[in-house]
Amino acid sequence: MKYLAIILTLVSSATFAGGWATPAVPIRIDVVQGGGFMIYGAFGNPGNCTIADKVFVEKEHPQYNEIYAIVLAAYMSGKRVQPYVHSCKTRGWYVTPDITFNTLTPGGSLNILGN
């Protein structure tokens with residue numbers, strides 16, 4: 001039983017990817033084929049994905065429209081946003097399947113910050 005707990009701990013920590021991104025001003029927004037939108041900025045790599053400084057927001061997020069409005073307002077006003085990402089996922093529109101992006105899934109959130 002002790003060994004099972006150790007193995008489960010190692011497996012669960014190895015599969016976790018996520019955390020708060022570095023607050024950054026969005027410098028570009030791509031709306032992608034009905035699947036969501038990509039935010040470009042100096043966000044770092046909170047999920048330890050293969051591509052940094054980009055965060056994809058999935059269309060399935062329950063607050064998708066609100067998040068898009070916040071990102072667009074931040075882009076137009078030069079304000080910083082700080083997403084919380086839970087995973088790294090591929091986005092076939094951009095690159096090959098072995099490339100992953102920080103992804104704001106339905107469990108993620110987004111803050112807008114002043115300068």
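D53 is found in strand β4, where strands and helices are DSSP runs numbered from the N terminus (strands are E, at least two residues; helices are H or I, at least four residues). Its phi is near 65°, a positive value in a residue other than glycine. Most residues other than glycine have a negative phi. At 35% relative accessibility, D53 counts as partly exposed; buried means under 20% relative accessible area, exposed means over 50%, and partly exposed lies in between (1.4 Å probe, protein chains only).

A word on the model: it is predicted, with local features needing pLDDT of at least 70 and side-chain atom pairs counting only at pLDDT 80 or more, while totals for chains, interfaces and linings use all residues. Residues are numbered from 1 along each chain as its sequence is written, and side-chain values use heavy atoms, leaving out hydrogens and water.

Now for the sheet. Five strands make an open sheet, in the order β2-β3-β4-β7-β6, with mixed pairing. Which strands stand at the edges? They are β2 (28-32) and β6, each with a single partner strand, so one side of each has no neighbour in the sheet. From one strand to the next, the twist averages 35°, with axes being lines fitted to C-alpha atoms (for helices over the stretch in contact) and angles running from 0 to 180 degrees between N-to-C directions.

Two strands pair if DSSP finds at least two bridges between them. Strand β4 (residues 51-58) pairs with β7 (residues 101-104) in the parallel sense, over four bridges. Strand β6 (residues 87-89) runs antiparallel to β7, and three bridges join them. Here are some of the residues facing each other:

| Residue | Partner in β7 |
|---|---|
| C88 | N102 |

The structure holds one disulfide, that is, a pair of cysteine sulfur atoms within 2.5 Å. C49 and C88 form it, with their sulfur atoms 2.0 Å apart. This pair ties together distant parts of the chain, 39 residues apart: C49 sits in the loop between β3 (36-40) and β4, and C88 in strand β6. The link is left-handed, with -90° about the S-S bond. Is C49 buried or exposed? C49 is buried, at 7% relative accessibility, whereas C88 is partly exposed at 24%.

Finally, look at N48, also placed in the loop between β3 and β4. N48 is exposed, with a relative accessible area of 68%. Its phi is near 55°, again positive in a residue other than glycine.
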